[in-house]
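These are my notebook entries on one protein chain, written while I went through its sequence and its model side by side.

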Amino acid sequence: MNEISDFIRSRKKANLLITAINCLVFLILSILGNTENAVFMLNHGACYTPAILQGEYYRLVTGMFLHFGLYHLVYNMICLIFLGDVLETEAGWGRYLLIYFLGGLSGNLLSMAMDFRTGEYAVSAGASGAIFAVMGAVLYLVIRNRGRLGTITLQRLGLMVVLMLLQGFTDVGTDNAAHVGGVVSGFLMAVLLTGRRKGKKAASGTSQ
């Protein structure tokens with residue numbers, strides 16, 4: 001128990017809050033019904049392009065906090081708890097939250113665009129778009145830091161991004177458009193929000 005308590009206390013606060021919200025939502029929905037049932041998830045805020053186009057825009061946000069089953073939740077939260085801490089440490093909690101939410105929103109919008117283009121509509125949910133945005137932002141920070149950020153190297157993180165995207169393309173039922181939209185938007189937002197931060201710090205003679 002002490003190890004768990006120490007682990008929780010060592011986490012960054014905004015990232016821990018987002019992780020806790022995802023877990024709490026999953027717990028509540030698991031009590032109410034079957035989180036692997038598309039109709040149940042649709043009724044509780046999952047993304048569905050026809051419904052969004054009819055004005056239910058809230059789904060672009062609520063869908064980011066829903067997960068299809070325990071494996072989906074655990075897989076996403078393991079990625080988030082570590083990469084999110086890195087991003088929050090380097091960029092601050094405000095930039096972290098901005099990248100998380102705007103990245104998740106961008107992923108869902110790209111997913112909608114792909115649905116609209118193909119005419120194939122499916123119920124989708126998950127924090128993957130937001131997590132890929134966090135991943136994209138960390139990727140930029142690693143590149144900006146000359147290929148290493150603590151224990152994270154450009155080779156390892158780059159390989160992780162590629163493998164996770166490839167898995168999305170090969171796995172049936174994975175919304176890879178949200179993944180691509182997330183990682184690209186996260187990278188670009190990190191450039192805009194943190195790109196000149198190091199230069200300004202150096203000019204003033206301070207560091208973080």
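The entries below go from the overall layout to the core, the surface and the charged pairs.

**Ground rules.** I am working from a predicted model, in which local features need pLDDT of at least 70 and side-chain atom pairs count only at pLDDT 80 or more, while totals for chains, interfaces and linings use all residues. I number residues from 1 along each chain as its sequence is written, and side-chain values use heavy atoms, with hydrogens and water left out.

**Layout.** I looked up the secondary structure and found eleven helices and two strands in the chain, taking both as DSSP runs numbered from the N terminus (helices H or I, at least four residues; strands E, at least two). Read from the N terminus, the order is α-α-α-α-α-α-α-α-β-β-α-α-α. Of the 208 residues, 43% count as buried, where buried means under 20% relative accessible area, exposed over 50% and partly exposed in between, with a 1.4 Å probe and protein chains only. I then turned to contacts (heavy atoms within 4.5 Å): among those between residues at least 6 apart in sequence, 76% join residues at least 24 apart.

**Core.** I next searched for nonpolar cores, meaning sets of buried Ala, Val, Leu, Ile, Met, Phe, Trp, Tyr and Cys residues joined through side-chain atoms within 4.5 Å. The largest has 38 residues, and Leu80, Leu87, Tyr96, Tyr100, Val134, Val138 and Leu157 have the most contacts inside it. Two or more residues each come from helices H2 (13–32), H6 (69–91), H7 (93–118), H8 (128–144), H9 (154–170) and H10 (176–194), and H8 gives the most, with twelve residues. I checked Val138 by itself: beyond its neighbours within four places in sequence, Val138 is in contact with Leu83, Val86, Leu87, Ile152 and Leu157. A second, separate core has six residues, including Leu29, Met41, Ala46 and Leu66.

**Helix H6, one histidine.** His72 is found in H6, and I count His72 as buried because its relative accessible area is 18%. Leaving out residues up to four places away in sequence, His72 touches His67, Ala125, Gly126 and Ser128.

I looked for nonpolar patches, which join Val, Leu, Ile, Met, Phe, Trp and Tyr side chains within 5 Å, using residues with over 30% relative accessible area and no salt bridge. Leu24, Leu27, Ile28, Ile31 and Leu32 form one, with about 530 Å² of accessible area together (Shrake-Rupley method, 1.4 Å probe, only the protein chains shown counting as cover). Leu32 lies in H2 and counts as exposed because its relative accessible area is 55%. Lys13, also placed in H2, is exposed because its relative accessibility is 61%.

**Charged pairs.** How many salt bridges does a search of the whole structure find? I found two, a salt bridge being a side-chain nitrogen of Lys or Arg within 4 Å of a carboxyl oxygen of Asp or Glu. In one, Asp85 pairs with Arg11, with the closest N and O atoms 2.8 Å apart; this pair links distant parts of the chain, from Asp85 in H6 to Arg11 in the loop between H1 (2–9) and H2, 74 residues apart. Both Asp85 and Arg11 are buried. Glu56 and Arg59 form a salt bridge at 2.6 Å, N to O. I note that Glu56 is partly exposed because its relative accessible area is 27%, whereas Arg59 is buried because its value is 7%.

Technical notes. Patch = residues over 30% accessible without salt bridge, like charges linked within 9 Å, V, L, I, M, F, W, Y side chains within 5 Å.
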